[in-house]
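Subject: Structure handover: charged pairs and ring pairs

Hello,

Here is the structure I promised to pass on. Please open it alongside this note.

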Amino acid sequence: MQSVQLSIPTTPDRIFSVLADGWAYASWVVGASHIRDVDEGFPAVGTKIHHSVGGWPAMVKDDSEVLEIEPDRLLVLKVKVWPLFAGIVRVELEPDGTGTVATMSEEFVDGPGKLLPEPLIAPVLNARNRESLKRLAARALKDDRYAADGSRGQR
């Protein structure tokens, strides 16, 4: 399993509010290009985000399913880009003073991607997940600014 961390200068609940918004998924997950639907009740265990990955004409329609949730602390998803791979992604949030340490871990669990050697896939997963955490942080911090100045939804 590959893991990356990022210290984010906001509270876990602010970051988790982005994670809990299935429609925001494509704004922070590298590779997700379009959200087709979000199950009612997301992010309850068993609910899914129905997304597309990649760009036309090589766009793959698939979904990500919630496997585990601890509000403001943990979201575990089974992500798929079938028939290439399926993986488990964990996003953990730990308070750290006035901020939060976010850890994103991923491993392939099914499909041909699982056969790739760790030394080959690790740099790609780490770079992708590092960028995803940066985007998650930017979205959470943007939401912080909107909440602080009362302009949320007006931009």
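Below is what turned up among the salt bridges and the aromatic pairs.

One caution at the start: this is a predicted model.

Salt bridges

The search of the whole structure gives eight salt bridges.

Start with Lys48 and Asp63. Their side chains form a salt bridge, at 4.0 Å from N to O. Lys48 sits in strand E3 (residues 48–53) and Asp63 in strand E4 (residues 60–70), so the bridge ties together parts that are 15 residues apart in sequence. Lys48 is partly exposed, at 24% relative accessibility. Asp63 is buried, at 11%. The cut-off explains the two labels: buried means under 20%. Lys48 and Asp63 also belong to a network of salt bridges, which links them with Asp62 and Lys80.

Next, Glu106 and Arg128. The closest N and O atoms of this salt bridge are 2.9 Å apart. Glu106 is in strand E7 (residues 99–110) and Arg128 is in helix H3 (residues 118–149), so this pair joins a strand to a helix, across 22 residues of sequence. Glu106 is buried, with a relative accessible area of 1%. Arg128 is partly exposed, at 24%.

Then Glu70 and Arg73. Their side chains meet in a salt bridge at 3.9 Å, N to O. Glu70 is partly exposed at 32% relative accessibility. Arg73 is partly exposed too, at 31%.

Aromatic pairs

How many aromatic pairs does the count come to? The answer is two.

Tyr25 and Trp28 make an edge-to-face pair. Their ring centres are 5.9 Å apart, with 75 degrees between the planes. Both residues lie in helix H2 (residues 25–28), three residues apart, or about one turn of the helix. Tyr25 and Trp28 are both buried.

Phe85 and Phe108 form the other pair. The ring centres are 4.4 Å apart and the planes stand at 35 degrees, so this pair counts as tilted. The Phe85–Phe108 pair links distant parts of the chain: Phe85 is in strand E6 (residues 85–96) and Phe108 is in strand E7, 23 residues apart. Both Phe85 and Phe108 are buried.

Best wishes

Terms used:
Residues are numbered from 1 along each chain as its sequence is written. This is a predicted model: local features need pLDDT of at least 70, side-chain atom pairs count only at pLDDT 80 or more; totals for chains, interfaces and linings use all residues. Side-chain values use heavy atoms; hydrogens and water are left out. Helices (H or I, at least four residues) and strands (E, at least two) are DSSP runs, numbered from the N terminus. Buried means under 20% relative accessible area, exposed over 50%, partly exposed in between (1.4 Å probe, protein chains only). Rings of Phe, Tyr and Trp (its six-membered ring) pair if their centres lie within 6.5 Å; planes under 30 degrees apart count as stacked, over 60 as edge-to-face and the rest as tilted.
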